[in-house]
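Here is a short briefing to read alongside the model. Have a look at the chain first, and then we can go through its contacts, its cores and one of its sheets together.

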Amino acid sequence: MAFRYWLALATSTVFISACSSGAGRDTDDSTTVGSTTEPTTTTSMTTEDETSETSESETTEESTTTEEPTTAGCTPGEEDCTCNQGMCDDGLACVDDVCMPEPMTTEEPTDTDTDTTMDPTTTGGDPACGDGEPVATELCFEDPITIGMGSGPTDVLAFDLNGDDIDDLITANALSNNLTMRQALGNAMFGGLSAIDAGSSPSSVIAAFINNDQDLDLIATNQMGNNLSMFLATMDGFGPQANTAVGMGPVSLASGDFNKDTIADVVVVNATDNNVTFLPGTGLGFGEPLSLPTASGPVDITTGDFNGDQNLDFAVATTSGNVSIRLGNGGGLFSNNTNVSVGGAPSALATGYLNDDEHLDLVVAVRDQGLVYMLAGDGFGGFTVGIPFDCGPEPSDMLLYDFTNDDNLDIAVTNQSMAMVHILEGTGLGSFEAPQPFTVGASPVALTIGDFNGDGAMDIATANNSVATSTVLFANP
Ligand SMILES: [Ca+2]
Ligand SMILES: [Ca+2]
Ligand SMILES: [Ca+2]
Ligand SMILES: [Ca+2]
């Protein structure tokens, strides 16, 4: 169903922007490869619809079939090692046949495919990588390319600036108070840096049709400015910023038509005010704002139709350990807030069809635990918290996409303290395989997907907060 897919894709890609705007604390030094030369600085851009993916994301049950004998050929206590007939060394738990740190919950995985084993050597080294044929379970990326963006990038967006059907790169930059852009040149290279001024401490950026023409516009939240900046696409770039007040400390936003007037509306997460501002789109800007309280410490938002009434709803991850849910009525009003308790300090969330029913589910990354929780939707707007999955330490942002081309959504997270992206392959049954690491620049706080070289395969880009760069991982199917 195209509609369902659109929702899943939209929420997980264009509109998801977690932006933990926290001060980046990096450990590694990043390799700032100024990989681009051509200083083509033109910013002329006729934008076009950004994502044109057609693949379905239905969850058919199909998991990895390559059976590997369980072996204990690992050093004692080693993580991410295949279990020995379901057993691991002390302090490690066997989850999906891989040894990982004991999760906090002791529940058993609910699915029955305990025989799914993952190839521990897949990381960029699968023999089939690079043959141009995406194969289910293949997870392949080329060596990372890191390029300079603005100062203190907090969010990253894939956006086709010049209408060549190749995604270009935009970051929101908290320290330089602007958005910076680089056009992808189609050969894994990027053009020169251009910038447009934003407000005070931009914290996230999305694309949306603000003025109802055929061109995607930009909206950025400004964390210190307590407002958002709109940039309308013009024939040769973007118009100047037009600001709209929201709550205190906006850190994230999403877009969708909540009141069904065919005009995009916006929901903004206000971290300081502990609420969400709903701004109905008017086609020129925004109408009367509506303030909707959440649990304490809201940081990220995702949208979808959680109860199947064709009206858009939203869910907010909060650092107080809750996910706050509000169901839309299709007329610009929302249900009372309900909280689903996850625990820890969530930093990001995303929505998609992750198990074998027809209900939208959520995944929530918990920063202080290094875990992702699956929240199974019941189709009525309720969610059941399942067992967590290791996603590497300090997840700062997350999205869902089917990287392995098996029709099961996979999870990608940025790990802020590790300078890594981890990808967890989805089984389609509500569970995920052990995380596979990919190195990026220091202190990644946000990620997005886009096709930055025009080969039809979705690539990954990160915002590396402390080093003013973005890392692009080109898919190498
Ligand atoms: Ca609307
Ligand atoms: Ca709904
Ligand atoms: Ca997949
Ligand atoms: Ca690509």
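Among contacts between residues at least 6 apart in sequence, 53% join residues at least 24 apart in the protein chain. Please keep in mind that this is a predicted model. The secondary structure comes to 1 helix and 33 strands, and 59% of the 477 residues count as buried.

**Nonpolar cores**
- In soluble globular proteins, nonpolar side chains tend to be buried together.
- Here, the largest nonpolar core has 117 residues.
- Val-363, Val-364, Val-372 and Ile-411 are the residues with the most contacts inside this core.

**A sheet of 4 strands**
- Strands β5, β6, β7 and β8 form an open sheet in the order β5-β6-β7-β8, with antiparallel pairing.
- At the edges stand β5 (153-159) and β8 (190-197); each has a single partner strand, so one side of each is left without a neighbour in the sheet.
- On average, neighbouring strands of this sheet are turned by 20° against each other, direction ignored.

**The pairing of β7 and β8**
- Strand β7, made up of residues 178-184, pairs with β8 in the antiparallel sense over 6 bridges.

Conventions:
Residues numbered from 1 in each chain as written. Chains lettered and ligands numbered in written order. Predicted model: local features only at pLDDT ≥ 70, side-chain atom pairs only at ≥ 80, totals over all residues. Pairing = 2+ DSSP bridges. Helix = DSSP H or I, 4+ residues; strand = E, 2+ residues; numbered from the N terminus. Axes fitted to C-alpha atoms, helices over the stretch in contact; angles between N-to-C directions. Core = buried A, V, L, I, M, F, W, Y, C linked by C-beta atoms within 7 Å. Buried ≥ 20, exposed ≤ 12 C-beta atoms within 10 Å, placed from the backbone. Contact = placed C-beta atoms within 7 Å.
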